[in-house]
Amino acid sequence: MNRLSIDTNSGSYSVYIGTGIRNKWRELVDYASYSRFFIITDEAVEARYLPSILGDENIPTFVVPSGEGSKSFTMYHKVMTALLKADLDRKACIIALGGGVVGDLAGFAAATYMRGIDFIQIPTTLLAHDSSVGGKTGINHEVGKNLIGAFHQPSAVIFDTECLRTLPEREWRSGFSEVIKHALIHDESFLRWLMERGKPVQDYTDEELQLIIEKGISVKGAIVKEDEREKGIRAYLNFGHTLGHAIESELGYGKMTHGEAVAIGMIYALKLSEEYFQTTLRMDEITKWFQEIGLPTEVPKELRANKLVNRMKKDKKAENKTLQFVLLKKIGQPVKVSVDDESALELLQACIEGSGTH
């Protein structure tokens with residue numbers, strides 16, 4: 001088991017990464033300092049991992065339906081009602097057992113219950129290596145993704161790589177998309193290492209998995225340390241997300257996984273980077289690699305470019321209704337830029353017209 005420290009202005013916490021460590025959560029957190037625990041999980045995770053987390057204890061649990069649809073006002077209200085009925089006090093602690101959806105929802109509940117109580121992340125997906133660290137919590141609105149939320153850092157993150165082995169292929173790929181993002185914005189040698197593996201991420205050994213999770217979390221931790229509340233460089237972590245979030249919203253939440261949408265967003269951002277900076281970023285090689293490992297590279301044909309641009313302008317990263325993109329001057333060198341509607345629309349139209357069906 002390895003331990004990383006995430007340091008932010010609002011406090012520091014540990015991220016534990018190892019195989020089979022979820023059952024040791026009581027030893028890894030400040031167990032005695034909490035009055036009670038409350039677990040939030042989803043239907044898929046409940047059957048597989050809840051019994052081992054509970055052990056002999058009778059910990060109140062709230063189970064949400066699996067999928068992005070649970071990051072809603074309705075589900076948030078139900079969670080808050082369950083917390084109030086459980087009569088939790090300010091010394092209580094919420095455990096988020098699941099993927100990014102559960103982590104975001106449980107974290108937002110923790111941030112707002114009695115104006116904020118502690119929560120612990122026990123992620124069960126590869127995608128959650130990104131979402132479980134950094135303190136972004138929230139729910140979706142039909143206008144856009146993650147528009148309602150709060151910054152609320154977890155008290156600890158316990159990442160058990162054993163949980164990943166039961167993931168369907170699609171979830172593996174979705175999580176790998178965020179690993180690739182960290183490499184693209186921060187470390188060309190890491191990107192080269194990933195590309196040289198030449199195999200799907202689900203075929204990685206436990207040692208390789210632990211390495212990429214640690215690498216991704218280290219990149220994110222360094223950025224969050226400098227900019228916890230996204231006033232500056234933390235925006236770089238949104239590489240691929242501007243279009244990715246618009247695609248998720250426009251298709252309807254859950255039709256495409258977050259990582260799949262971000263993969264398409266990253267390919268678009270690379271193309272936009274080449275145009276904006278008049279440079280070359282190994283587009284053909286990266287696109288081919290994405291396709292080989294099963295990540296989508298094309299904007300779904302049923303979407304309309306003008307509607308996607310309007311969605312992006314409502315994104316929380318937009319400023320004064322101006323499109324903001326994280327682009328790359330070169331791999332490992334991100335820059336936040338304003339892009340005029342016409343340029344974004346023209347490239348998007350070309351991407352849609354040139355795309356095949358999914």
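## Exercises on a predicted model

The protein has 13 helices and 11 strands. Its radius of gyration is 20 Å, close to the 21 Å that the globule rule gives for 358 residues, so the protein is as compact as a globular protein of that length. Keep in mind that you're working with a predicted model.

**Exercise 1. Describe the overall build of the protein: what are its spans, and what share of its residues is buried?**

Step 1: start with the outline. The C-alpha trace spans about 60 × 40 × 40 Å along its principal axes.

Step 2: look at burial. Of the 358 residues, 57% count as buried.

Step 3: check the contacts. Take those between residues at least 6 apart in sequence: 71% of them join residues at least 24 apart.

**Exercise 2. Work out what span helix 6 should have, and compare that with the model.**

Step 1: helix 6 runs over residues 169-186, which makes 18 residues.

Step 2: the expected span is 1.5 Å times one less than the number of residues. For helix 6 that comes to 26 Å.

Step 3: the end C-alpha atoms of helix 6 lie 26 Å apart, so the model agrees with the expectation.

Step 4: Helix 6 is mostly covered, with 14 of its 18 residues buried.

**Exercise 3. Which aromatic residues form a cluster with Phe176, and how does Phe176 pair with Trp289?**

Step 1: remember what to look for. A pair of aromatic rings is described by the distance of the centres and the angle of the planes.

Step 2: the structure holds 12 aromatic pairs. One of them joins Tyr34 and Phe37, edge-to-face at 5.5 Å centre to centre with 70 degrees between the planes. Both Tyr34 and Phe37 are buried.

Step 3: now for Phe176 and Trp289. Their centres are 6.2 Å apart and their planes stand at 80 degrees, an edge-to-face pair. This pair links distant parts of the chain: Phe176 belongs to helix 6 and Trp289 to helix 11 (residues 283-292), 113 residues apart. Phe176 and Trp289 are both buried.

Step 4: widen the view. Phe176, Phe190, Trp193, Tyr204, Trp289 and Phe290 make up one aromatic cluster.

Step 5: look for charges over these rings. The charged end of Arg197 sits over the ring of Trp193, 4.1 Å from its centre. Likewise, the charged end of Lys215 sits over the ring of Phe190, 5.8 Å from its centre.

**Exercise 4. Where is Phe277, and which residues beyond its sequence neighbours is Phe277 in contact with?**

Step 1: find Phe277 in helix 10 (residues 258-277).

Step 2: With a relative accessible area of 24%, Phe277 is partly exposed.

Step 3: set aside the neighbours within four places in sequence. Phe277 is then in contact with Leu327, Leu328, Lys329, Val335 and Val337.

Step 4: take Lys329 from that list. Phe277 and Lys329 are 52 residues apart in sequence, yet 6.4 Å apart in space, C-alpha to C-alpha.

Notes. Residues are numbered from 1 along each chain as its sequence is written. This is a predicted model: local features need pLDDT of at least 70, side-chain atom pairs count only at pLDDT 80 or more; totals for chains, interfaces and linings use all residues. Side-chain values use heavy atoms; hydrogens and water are left out. Helices (H or I, at least four residues) and strands (E, at least two) are DSSP runs, numbered from the N terminus. Buried means under 20% relative accessible area, exposed over 50%, partly exposed in between (1.4 Å probe, protein chains only). Rings of Phe, Tyr and Trp (its six-membered ring) pair if their centres lie within 6.5 Å; planes under 30 degrees apart count as stacked, over 60 as edge-to-face and the rest as tilted. A charge sits over a ring if NZ of Lys or CZ of Arg is within 6 Å of the ring centre and within 35 degrees of the ring normal. The radius of gyration is taken over C-alpha atoms; the globule rule is 2.2 Å times the number of residues to the power 0.38. Contact means heavy atoms within 4.5 Å.
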